[in-house]
Amino acid sequence: MKLIAALLLTAVHAKVKPLQLRKTSGIKAVQAVDLGGGKKASGGYGQWAKDNAAANGIIIGAFKTAAADLMAQVSDSESDFDLKRNLLFFAFGGAYLGAFQYWYQVNIFKRIFTATERFTSQSMEKKLKDTEGLVQLAMQIALNLTILSCVYLPTFYLFKAVFFGDCGLASCFGDSWGTYRENFENDLPALLKCWGPADLVCFSVPLYLRIPIRHVVSFCWTIYFSIVQSKK
C-alpha cells in the first residue's frame with residue numbers, strides 16, 4: 001500500500017491551483033493554470049500533459065493497466081472481483097509502464113536511435129529505401145523485446161510476490177525469480193507473438209502515433225496476461 005501511495009504522490013506532484021476565469025463576450029474562459037514551479041499553461045489537460053509528461057505517463061499507465069485487469073476479471077463470471085489483484089496491476093502499471101517504460105522508450109531510445117524521427121516521418125516507399133532507418137528499426141524491436149523478456153516479466157512477478165507472497169523483500173526476489181524461470185517457457189512465446197508485430201508498427205509510425213498505438217496494444221495484452229495469471 002505504501003508503494004501505491006508513493007505512485008499517487010508522484011503523479012500529482014504538480015500543484016494545480018484553482019482556475020482563474022474571466023468573462024469574454026459573456027462566456028467564461030480559462031485564463032491560466034498555475035502548474036507549480038512558476039509554470040503556467042492555458043491549454044487545459046493537453047498542455048498539462050505536455051509539461052508533466054512523466055506524471056501523466058504514470059497516471060495513464062496505472063489506471064489503464066487496472067482497467068484492463070478489471071475487464072479480465074469481469075469476463076470471468078465464475079470468480080469474484082479480487083481487489084488485491086487489481087491493485088497489483090495498478091501499482092505495476094504506474095511503476096513499470098508509466099515510469100520505467102516511458103523513461104527508456106522516450107529518453108534512451110531517442111538518444112540511441114538518432115534516425116527515428118526522420119524514418120518515421122517518411123512515406124512507406126522512402127522507408128523501404130532508408131537503410132539506416134531500417135537497421136535502427138530492427139534494433140529498436142530487438143532491444144525492446146529483450147527488455148520485455150528480461151525486465152518486464154521478472155518485474156511483474158516481483159510485484160506479484162510482494163502483493164500475494166508471505167515474504168520479506170529479499171526473499172521475494174528469490175521467489176519471484178523462481179516463478180519467472182518456471183513460467184518463462186510459456187510467457188515468452190506469447191509475448192513475442194504479441195509485441196513482435198506490435199513493435200514493428202509502433203516503431204514505424206510517426207512519433208505522435210507511437211504512444212496511442214502502444215496503449216491500445218498494451219491494454220489488450222494486459223487483459224490476456226491478467227487472465228493467464230489468474231489461472232496460475
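Student: What makes the crossing of α4 and α9 right-handed or left-handed?
Tutor: This is a predicted model. In it, α4 passes α9 in a right-handed crossing. The label is right-handed because the near helix is turned clockwise from the far one.

Student: How are two packed helices described?
Tutor: By the angle between their axes and the distance between the axes. For α4 and helix α9 (residues 207-230), the axes come within 12 Å and cross at roughly 145°.

Student: Which residues of α4 meet α9?
Tutor: Arg-85, Phe-89, Leu-97, Gln-101 and Gln-105. Their partners in α9 include Arg-210, Arg-214 and Ser-218. The residues of this contact divide into 3 nonpolar, 6 polar and 3 charged.

Student: Where does α3 come in relative to α4?
Tutor: The axes of helix α3 (residues 53-75) and helix α4 (residues 83-112) come within 7 Å, crossing at roughly 145°. This crossing is right-handed. Its contact residues divide into 13 nonpolar, 8 polar and 3 charged.

Student: What does Thr-116 touch, beyond residues up to four places away in sequence?
Tutor: Gln-136, Gln-140, Leu-207 and Arg-210.

Student: What makes the link between the side chains of Thr-116 and Gln-140 a polar contact?
Tutor: The distance is 3.3 Å. The cut-off is within 3.5 Å for a pair of N or O atoms, one able to donate a hydrogen and the other to accept it. So the pair counts as a polar contact.

Definitions and conventions. Residues numbered from 1 in each chain as written. Predicted model: local features only at pLDDT ≥ 70, side-chain atom pairs only at ≥ 80, totals over all residues. Heavy atoms only, no water. Axes fitted to C-alpha atoms, helices over the stretch in contact; angles between N-to-C directions. Helix = DSSP H or I, 4+ residues; strand = E, 2+ residues; numbered from the N terminus. Nonpolar A, V, L, I, M, F, W, Y, C, P; charged D, E, K, R; others polar. Contact = heavy atoms within 4.5 Å.
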